[in-house]
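Okay, thanks everyone. Let me put the model up and then talk you through it.

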Amino acid sequence: MSVRVYVPCDSGALSMGAERVAKAIRAEAERRGLVIELVRNGSRGLYWLETLVEVGTADGRVAYGPVKVADVASLFDADFLHGGAHALHLGITDQLPWLKNQERLTFARVGITDPVSLDDYLAHDGYRGLRNALAMTPDAIVQQVTDSGLRGRGGAAFPTGIKWKTVAGCVADQKYIVCNADEGDSGTYSDRMIMEDDPYVLIEGMTIAAIAVGATQGYIYLRSEYPHALVSLNTAIERAQAAGYLGEHILGSAHTFHLEVRRAAGAYVCGEETSLLESLEGKRGLVRFKPPLPAIEGLFGKPTVVNNVISLATVPIVLDKGAEYYRDYGMGRSRGTLPIQLAGNIKQPGLVEKAFGVTLRELLYDYGGGSASGRPIRAVQVGGPLGAYLPESQFDTPLDYEKFSEIWAVLGHGGIVAFDDTVDMAKMARYAFEFCAVESCGKCTPCRIGSTRGVEVMDNIMQGKQVSKNIALVRDLSDTLLNGSLCALGGMTPYPVLSALNHFPEDFSKASAITSETALADPA
Amino acid sequence: MVQGHNELIAEKIEAHRGMAGGLLPLLHAVQDAIGYIPEESYPAIAKGMNLSVAEVHGVVGFYHHFRTHAPGRHILQVCRAESCQAMGCSELEHYVKARLGVDYHGTSADHAVTLEPVYCLGNCALSPAVMFDEQVLGRVDKATIDELLNTLEAA
Ligand SMILES: Cc1cc2nc3c(=O)[nH]c(=O)nc-3n(C[C@H](O)[C@H](O)[C@H](O)COP(=O)(O)O)c2cc1C
Ligand code: SF4
Ligand code: FES
């Protein structure tokens, strides 16, 4: 039997040269007259080790990494095809502590299977949730999702089952399932990984949602920055359809569900659910007033479920293993697991799926291995560009929606961006205003005008001009944004701004200190 | 507008007529095919999609992704978002701008590269990241940029 060699096709791995590594391995095997079966799997999520190459052995898959093209010949010399010793040899993949200590539920298959192989998906427990759902009443499906405690992973953490129940309870000639795949938050990539590395789990989750609420049409609103995800989703949809998992009479049942990917066009605000719906309707992405809720009047005015990729991709395991199984993970009112994304200045960045309750410190040091630069980690931003910056004194906070709100922070979509002690937090506060100005939909004055004003004020602070007066102005502006914004883009920009100011005030008076020092040293 | 574009755009309009919420897919199809959305095509697009020219204008202008002028032969997007900042992207930005001799949204004099800012490519585990056409690059440094641009110049 030929040896199986796995080289990821995930765009993160590709960004480190996985395509060239795959080609080199194929060529070298041919040159040596060895027969191998090259599988293009997803990424295991240990990104600092990409390109992570695995070989199938009797003891399990053995990992090597990070592999560069230049390493390929020596890997063959070391008989890596049989798990031979080599400087890049890491051991049995599943036994790597970084992976072994995770609780991979939503990400159960990611990195293991060939993402677009339906056979692989089925062989790894795929579509078991849908089969169970088809034997249940729609009410029972909604109940199961409610009982699992699953809350929306897009940021607002609204209970998924309750949203579904509202849509299920509406009487309408047409209902929609919309997957929010805009993943605009910097420092996050779990949606991308699901779509590139296990697209069927998202398709299955959406299909279950459709059956539960009585929808027949679904859209995946995919950010335009993800061309690789577009290809894998479209391939998977086509194959699922051909095999009877999508379209009419799903698996011979009376249910119909059509699914289509729609590309976004690079507006962050279109991740907000009502702006997203406007965009799907072919319009500018202006945020809508609520009510009406999208669940009642959503896409084209019809009842619509809008859920994040991770929320939907978690549904299959809930339906497969039961609500209790999922709910047993986690703490407090944060049930189940969260796919956490370690990013920024971190030595071992990657995807860590853990039950809620793990602390930032464990994530940053046990998993992350500290900073990439070797300098102390000074601040972390959790929850994307609208999330607060946390100082070291808050690193023992457990990941839990309520614990985070107690310290005026958010978990958001689970992205953690680390900064070392070279970071200038005044610059980060300025950037938060700048981002808000660039991405504002323009509907509210504080967001449209106030953000630009915030940039100017921060510039003055950074130049040491009337610092205390300008800091008071930043607080005023933040108040206005907090209270006068229709959506969280304006409404939460104060989180990064004020947390930077409150936790790192020294960075806001640096310029004045420098200016006065220079003034003293060099009396012109 | 370049000759032949009219026909191509007319084809795309025909393919998207009647599609629910079809304006964005149509605009994508046009930009994918010719690299931008010529303003001269707005009346035809508006007519085909049953909209006013002002509406088409508004939509094209709202989205960062859509371009109204022909870009260079390649597009280089540099990520400016937080994770990439934590790994030194601002230095990289300065370097790229200086090498190409342009600011963001500009096209190099030889028309080879249009430079665009981008706010996260989902490659934050391998920051700083850039996207060259549809190819994502991770842990990018000046050497990566040099290699990329030198190959272009050699080609
Ligand atoms: C400015 C802004 C951007 C957002 N971006 C996203 C996004 O990229 N992806 C996402 O799933 N939710 C995003 N949200 C949250 C959505 O509005 C919405 O809460 C979510 O799609 C609901 O799905 P969930 O309940 O499964 O989380 C954003 C919200 C705001 C205010
Ligand atoms: S807060 Fe900003 S982005 Fe949100 S609706 Fe108002 S103007 Fe638009
Ligand atoms: S922040 Fe640069 S790729 Fe995500």
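Predicted model: local features only at pLDDT ≥ 70, side-chain atom pairs only at ≥ 80, totals over all residues.

Residues are numbered from 1 along each chain as its sequence is written, chains are lettered from A and ligands numbered from 1 in the order in which they are written, and side-chain values use heavy atoms, with hydrogens and water left out.

So, the interface. Counting contacts (heavy atoms within 4.5 Å), 60 residues come from chain A and 37 residues from chain B.

Next, the sheet in chain B. It's open, 4 strands, order β2-β1-β3-β4, with mixed pairing. Strands here are DSSP E runs of at least two residues, helices are H or I runs of at least four, both numbered from the N terminus, and two strands pair if DSSP finds at least two bridges between them. β2 and β4 (135-137) of chain B are the edges, each pairing on one side only. β1(B) and β2(B) run parallel over 6 bridges, and B:His74 has B:Val113 in β2(B) as its bridge partner.

Now pockets. On a 1 Å grid over the protein atoms alone, a pocket is an open set of points where a 1.4 Å probe fits, with protein on both sides within 12 Å along at least five of seven lines; lining residues have an atom within 4 Å of a point.

Which residues lie nearest the centre of the largest pocket? They're A:Gly154, A:Gly155, A:Ala156, A:Gly271 and A:Glu272, out of 47 lining residues. β9(A) gives the most to that lining, 4 residues.

The second largest pocket is lined by 42 residues, with B:His64, B:His65, B:Arg67, B:Gln77 and B:Glu116 nearest its centre. Its lining draws two or more residues from each of α11 (227-242) and α17 (425-439) of chain A, plus α2 (23-34), β1 (74-79) and β2 (113-118) of chain B. And β2(B), our edge strand, gives the most, with 4 residues.
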